[in-house]
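This briefing sets out selected features of the structure shown below, grouped by topic.

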Amino acid sequence: MKIFGGQFAKAGNIIVRQRGTVHNPGENMGMGSDHTLFALCDGIVVFRKKRDNKSYVSIQPAEA
């Protein structure tokens, strides 16, 4: 875990380094070939569990 939930992340920041998909990419997130999750826009990091009981990481865009 590089940046935790509730913290601010800039576009391009690495949020999670992982082996396999422990956390899945949500809105405004990208996933590298090594399953690293990174921010696609500036905003607040949000972790959620959805109905399929998988963990998703999203970025809530910063208000201008």
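Leaving aside neighbours within four places in sequence, cysteine 41 is in contact (heavy atoms within 4.5 Å) with Ala9, Lys10, Ala11, Asn28, Ile59 and Pro61. The model is predicted: local features need pLDDT of at least 70 and side-chain atom pairs count only at pLDDT 80 or more, while totals for chains, interfaces and linings use all residues. Residues are numbered from 1 along each chain as its sequence is written, and side-chain values use heavy atoms, with hydrogens and water left out.

**Nonpolar core**

- Cys41 also belongs to the largest nonpolar core, which has 11 residues: Ile3, Ala9, Ile15, Val16, Met29, Leu37, Ala39, Cys41, Val45, Val57 and Ile59.
- Such a core is a set of buried Ala, Val, Leu, Ile, Met, Phe, Trp, Tyr and Cys residues joined through side-chain atoms within 4.5 Å; buried means under 20% relative accessible area, exposed over 50%, and partly exposed in between (1.4 Å probe, protein chains only).
- Two or more residues of this core come from each of β2 (14–16), β5 (37–39) and β7 (55–61); strands are DSSP runs (E, at least two residues) numbered from the N terminus.

**Sheet**

- An open sheet of 4 strands has the order β1-β6-β7-β3, with mixed pairing; two strands pair if DSSP finds at least two bridges between them.
- Its edge strands, β1 (8–9) and β3, each pair on one side only.
- β1 and β6 run antiparallel and are joined by 2 bridges.
- Alanine 9, a member of the core, stands opposite glycine 43 in β6.

- The structure holds 1 salt bridge, defined as a side-chain nitrogen of Lys or Arg within 4 Å of a carboxyl oxygen of Asp or Glu.
- Aspartate 34 forms this salt bridge with arginine 17, and the closest N and O atoms are 3.6 Å apart.
- The pair ties together parts that are 17 residues apart in sequence, because aspartate 34 lies in the loop between β4 and β5 and arginine 17 in the loop between β2 and β3.
- Both partners are partly exposed: aspartate 34 has 28% relative accessibility, and arginine 17 has a relative accessible area of 45%.
- Threonine 36 is also found in the loop between β4 and β5, but is buried, with a relative accessible area of 7%.
- The side chain of threonine 36 makes a polar contact with the side chain of aspartate 34 at 2.9 Å. A polar contact is a pair of N or O atoms within 3.5 Å; within protein, one must be able to donate a hydrogen and the other to accept it, and residues adjacent in sequence count only if both atoms are side-chain atoms.
- Not counting residues up to four places away in sequence, threonine 36 touches Ile14, Val16, Arg17, Gly30 and Met31.

**Asparagines with positive phi**

- Most residues other than glycine have a negative phi.
- Asparagine 28 has a positive phi near 60° and is found in the loop between β3 (23–25) and β4 (29–31).
- Asparagine 28 counts as partly exposed at 29% relative accessibility, and is among the contacts of Cys41.
- Asparagine 53 likewise has a positive phi, of about 60°, and is found in the loop between β6 (43–49) and β7.
- Asparagine 53 is exposed, with a relative accessible area of 56%.

**Glycine 12**

- Glycine 12 is placed in the loop between β1 and β2.
- Not counting residues up to four places away in sequence, glycine 12 touches Phe38 and Ala39.
- Glycine 12 and serine 55 are 43 residues apart in sequence and 21 Å apart in space, C-alpha to C-alpha.
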